[in-house]
Amino acid sequence: VFGERLPLLHRAAAQSHAPRLLIASGFHGEEAAGPWGVLAFLAELGNLADRVHLTLLPLVNATGFALGQRFNTLGQNPNRGYLPIDAAYKPPVEGERLLAQRDRLVAAARDGVLSCHEDVKTPFTYVYAFEHSAAPGAFSQALAATAGEHFKLHPDGEVDDAMIAGGVVFNHHDGSFESWLASEGIAVAACIETPGQDDFARRVAAQAALMRRFVEQRVQAFES
């Protein structure tokens, strides 16, 4: 994309029947704790790696990341336009590449996808979650609880035109990457948000912890 690589990394589990999970980060260039959190997460993954087919998209928006700016070099939002939810629907260049790999990504995220973001406008942490239920279940609650161990959860009410309760925005489709994959029928999906103006080391640690909790929760659900 724009001459930069858009890497897709995969590590197979020890057993073929293990859950298939996808973690993606770096959609917005000023949200740096996500890509760095991937590195911290991998450094501490240990034996858990053998229990999951893990696929990573560690840096989707390389041009924005290099400049420390939210959008790509064309001013497009790399985390919108994956679903035709309004008249302005048009995938960004990164989205075009990812949508072209639909079958591969849906297969990689069959048992869950985690998209890693930061919110530079709030001092709180929260989670967008998608489950096949009418209310947040164990998956959503596990991620919110882990996020709350690192930062204060966002108060109940509204965030970015979506209703939030218990630190969770539930089943809210907004044309994002994770919303698209959720609409494709995968088991669960989530987007984590850490407070982008807080201490960087704390944010990286929180991102890594949330990635690990995501994998642990899905492995435990799959093996139970």
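Me: Where does Ala144 lie, and why does Ala144 count as buried?

Reply: Ala144 lies in helix α5; helices here are DSSP runs of H or I of at least four residues, strands are E runs of at least two, and both are numbered from the N terminus. Buried means under 20% relative accessible area, exposed over 50% and partly exposed in between, with a 1.4 Å probe and protein chains only. Ala144 has 5% relative accessibility, so Ala144 counts as buried. The model is predicted: local features need pLDDT of at least 70, side-chain atom pairs count only at pLDDT 80 or more, and totals for chains, interfaces and linings use all residues. Residues are numbered from 1 along each chain as its sequence is written, and side-chain values use heavy atoms, with hydrogens and water left out.

Me: What does Ala144 touch?

Reply: Contact means heavy atoms within 4.5 Å. Not counting residues up to four places away in sequence, Ala144 touches Val127, Leu153, Gly166 and Val168.

Me: Which other residues of α5 are buried, and what covers them?

Reply: Besides Ala144, the buried residues of α5 (residues 138–148) are Phe139, Ser140, Ala142, Leu143, Thr146 and Ala147. Their cover includes β4 (113–119), β5 (126–130), β8 (168–170), β9 (189–195) and α7.

Me: What makes α5 and α7 roughly antiparallel?

Reply: The two helices pack at an angle of about 155 degrees, with their axes 10 Å apart. Axes are lines fitted to C-alpha atoms, for helices over the stretch in contact, and angles run from 0 to 180 degrees between N-to-C directions. Angles under 35 degrees count as roughly parallel, over 145 as roughly antiparallel, 65 to 115 as roughly perpendicular and the rest as oblique. α5 and α7 are therefore roughly antiparallel to each other. In their contact, Ala138, Phe139, Ala142, Leu143, Thr146 and Ala147 of α5 meet Ala209, Leu210, Arg213, Phe214, Gln217 and Arg218 of α7. These residues divide into 8 nonpolar, 2 polar and 2 charged, where Ala, Val, Leu, Ile, Met, Phe, Trp, Tyr, Cys and Pro count as nonpolar, Asp, Glu, Lys and Arg as charged, and the others, Gly among them, as polar.

Me: Why is α1 called oblique to α7?

Reply: The axes of α1 (residues 33–43) and α7 (residues 200–223) come within 8 Å and cross at roughly 60 degrees. That angle makes α1 oblique to α7. The residues of this contact divide into 10 nonpolar, 3 polar and 2 charged.

Me: Which residues of α1 are buried?

Reply: Ala33, Gly34, Pro35, Gly37, Val38 and Phe41 are the buried residues of α1. Among the elements covering them are β2, β3 (53–57), α2 (62–67), β4 and α7.

Me: How do you know whether Leu21 is buried or exposed?

Reply: Leu21, in strand β2 (residues 20–25), has a relative accessible area of 0%, so Leu21 is buried. Its contacts beyond four places in sequence include Val52, Leu54, Phe214 and Val215.

Me: What makes the protein chain as compact as a globular protein of its length?

Reply: The radius of gyration is taken over C-alpha atoms, and the globule rule is 2.2 Å times the number of residues to the power 0.38. The chain comes to 7 helices and 9 strands. Its radius of gyration is 16 Å, close to the 17 Å that the rule gives for 224 residues, so the chain is as compact as a globular protein of that length. Of the 224 residues, 53% count as buried.
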